[in-house]
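This report looks at how the inside of one protein chain is packed. Please view the sequence and the structure below before reading on.

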Amino acid sequence: MKNTHVIIVGAGFAGLTAARELSRRGHKTTLLEARDRIAGRTHLDERMGRNLELGGTWVHWTQPYVWAEMGRYAIDPVPGPEFTKAYWVADGQRHEGHADTLLELLDAPNQALLADARRYFPLPWSPLANPEVAKIDGITLSNAIDRLDLPEDQRQLLRSFWTLNFNGKLDQAAYTQALRWCAVATGSWQTMFEACASFKIDGGTRRLAEAILADSTADVRLNQTVVSISQDDAGVTVLTSSGEQYAARELILALPLSVLNDIDIQPALSPAKREAAARGQAGRGAKLWIKVKGRQERFVALGPENAPLNFVQAEYIDEDATTLVCFGPDASAIDVDDPEAAQAILDTLVPGLEVLEVAGHNWVDDEYSLSTWPMHYTGYLTHSLAELQRPEGRIHLAGSDFANGWGGFIDGAIESGLDAARAVGDQLAHSVAVTSAPQTVPAPTA
């Protein structure tokens with residue numbers, strides 16, 4: 001049995017941040033990670049002759065936590081490219097024009113859809129502050145879009161745009177998540193969209209993750225899959241698939257929502273937590289990198305919402321090849337290792353491209369993720385979020401799924417990791433104060 005003060009399960013950005021904070025406060029901290037690497041649902045890997053982000057990628061100056069971390073470690077943002085060409089599909093017809101034309105077509109519909117973002121979320125990092133949110137948390141994004149009085153071509157474009165944002169289907173996606181996301185981006189849909197694809201981290205997500213880890217004294221143990229957690233008045237005990245046992249006073253479970261029920265936790269987490277984990281998140285799509293032949297114009301393409309890949313963006317342009325980043329709403333609809341399948345899909349969106357190679361990672365089939373970025377189903381915000389943020393005895397949840405602000409982003413993971421570390425640090429300080437307090441001897445009675 002290995003003893004420590006705090007066990008953190010999961011070395012994504014939430015777990016790394018919590019480990020740094022607690023270890024720097026002097027608490028003996030052990031960080032357990034099932035994978036053979038850190039950084040969770042971000043993953044910078046060398047593919048197709050280039051370092052490519054297979055998972056989370058983009059950051060923005062409206063995201064205070066990740067921006068501050070980059071400043072802390074002197075890591076610069078890398079501006080994204082300016083696009084000149086756009087392709088889009090509406091009413092079954094393929095169109096092309098300047099990239100600004102596509103944004104103009106999306107402007108009025110998004111303005112209408114998101115007009116109430118700051119009304120419902122006047123304090124964006126306090127998403128439950130306005131009780132009126134409960135009245136709309138059951139509305140799907142699909143219904144919210146369809147009830148707008150839009151021409152059919154703009155309705156289809158708007159649906160595809162939000163399918164891209166959710167990386168999933170809209171029929172159960174929460175309208176409140178769209179409003180909340182816009183609210184943290186100052187209430188502007190243009191700023192919100194800019195935050196999704198404008199700045200990357202110099203050196204990649206791995207550089208920032210490694211900088212946070214290097215600033216920690218936590219004991220990091222990779223290839224440690226946690227299979228059970230038990231807690232009692234004395235502390236928390238963790239068992240891994242390899243038979244290793246760890247004991248601590250407090251535990252932070254920094255894992256994606258969708259995998260929480262895969263661990264045997266005793267006593268069991270609350271029914272509300274388990275129900276939320278069983279439902280998971282709406283982000284169940286695909287991210288695929290495609291290298292095509294030749295130097296292409298800097299373009300974006302927006303296809304039908306139900307296309308296997310409904311968004312394509314020319315990200316890296318070289319002399320003899322162009323590397324595209326692509327997204328689709330259903331991971332089961334695209335094989336991230338099949339160039340021929342990618343070619344067939346690409347032919348329907350952008351004519352004349354020749355696929356050379358593909359690279360990707362199926363996060364939905366990944367047993368340690370079971371989802372892509374966290375985008376909420378209806379009811380999650382008002383029925384699940386506060387309960388998931390509530391500690392369960394000595395167990396605290398952390399991760400982008402549970403963030404108050406930029407849920408679904410690296411920023412939200414860092415925010416949640418800081419919150420969990422603060423709560424655990426306070427709890428440890430309190431327990432030490434209680435155990436070290438002088439005992440009062442009662443005065444003798446006559």
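## The nonpolar cores

In this predicted model, the largest nonpolar core is made up of 82 residues. Leu 113, Leu 141, Trp 162, Ile 229 and Leu 253 are the residues with the most contacts inside this core. The element that gives the most to the core is helix 7, residues 175–184, which supplies 7 residues.

Which residues does Leu 113 contact, once its neighbours within four places in sequence are left aside? The contacts of Leu 113 are Leu 141, Ala 144, Ile 145, Leu 148, Leu 158, Trp 162, Tyr 175 and Leu 179. Two of these partners, Leu 141 and Trp 162, are also named among the residues with the most contacts inside the core. Another core, of 35 residues, lies apart from the largest one. Its members include Ile 38, Ile 75, Phe 199 and Leu 208.

## The chain as a whole

The chain has 13 helices and 21 strands. Its radius of gyration is 23 Å, close to the 22 Å that the globule rule gives for 446 residues, so the chain is as compact as a globular protein of that length.

Of the 446 residues in the chain, 57% are buried. Among contacts with a separation of 6 or more, 71% come from residues 24 or more positions apart.

## Cavities

Rolling a probe the size of a water molecule over the atoms shows where empty space is left. How many cavities of 30 Å³ or more does a search of the whole structure find? The search finds 2.

The largest cavity holds about 40 Å³ of space. Its lining consists of Gln 177, Arg 180, Trp 181, Val 184, Gly 405, Trp 406 and Gly 407. By class, these lining residues are 3 nonpolar, 3 polar and 1 charged. Gln 177, Arg 180, Trp 181 and Val 184 in this lining fall within residues 175–184, the range of helix 7.

The second largest cavity holds about 30 Å³. Gly 285, Ala 286, Lys 287, Ala 331, Ile 334, Val 336, His 361, Asn 362 and Trp 363 line this second cavity. Its lining has 5 nonpolar, 3 polar and 1 charged residues.

Notes
Residues are numbered from 1 along each chain as its sequence is written. This is a predicted model: local features need pLDDT of at least 70, side-chain atom pairs count only at pLDDT 80 or more; totals for chains, interfaces and linings use all residues. Side-chain values use heavy atoms; hydrogens and water are left out. On a 1 Å grid over the protein atoms alone, a cavity is a set of points where a 1.4 Å probe fits but cannot get out, and a pocket is an open set with protein on both sides within 12 Å along at least five of seven lines; lining residues have an atom within 4 Å of a point. Grid points are joined across faces, edges and corners, and a volume is the space filled by probe spheres set on the points. Ala, Val, Leu, Ile, Met, Phe, Trp, Tyr, Cys and Pro count as nonpolar, Asp, Glu, Lys and Arg as charged, and the others, Gly among them, as polar. A nonpolar core is a set of buried Ala, Val, Leu, Ile, Met, Phe, Trp, Tyr and Cys residues joined through side-chain atoms within 4.5 Å. Buried means under 20% relative accessible area, exposed over 50%, partly exposed in between (1.4 Å probe, protein chains only). Helices (H or I, at least four residues) and strands (E, at least two) are DSSP runs, numbered from the N terminus. Contact means heavy atoms within 4.5 Å. The radius of gyration is taken over C-alpha atoms; the globule rule is 2.2 Å times the number of residues to the power 0.38.
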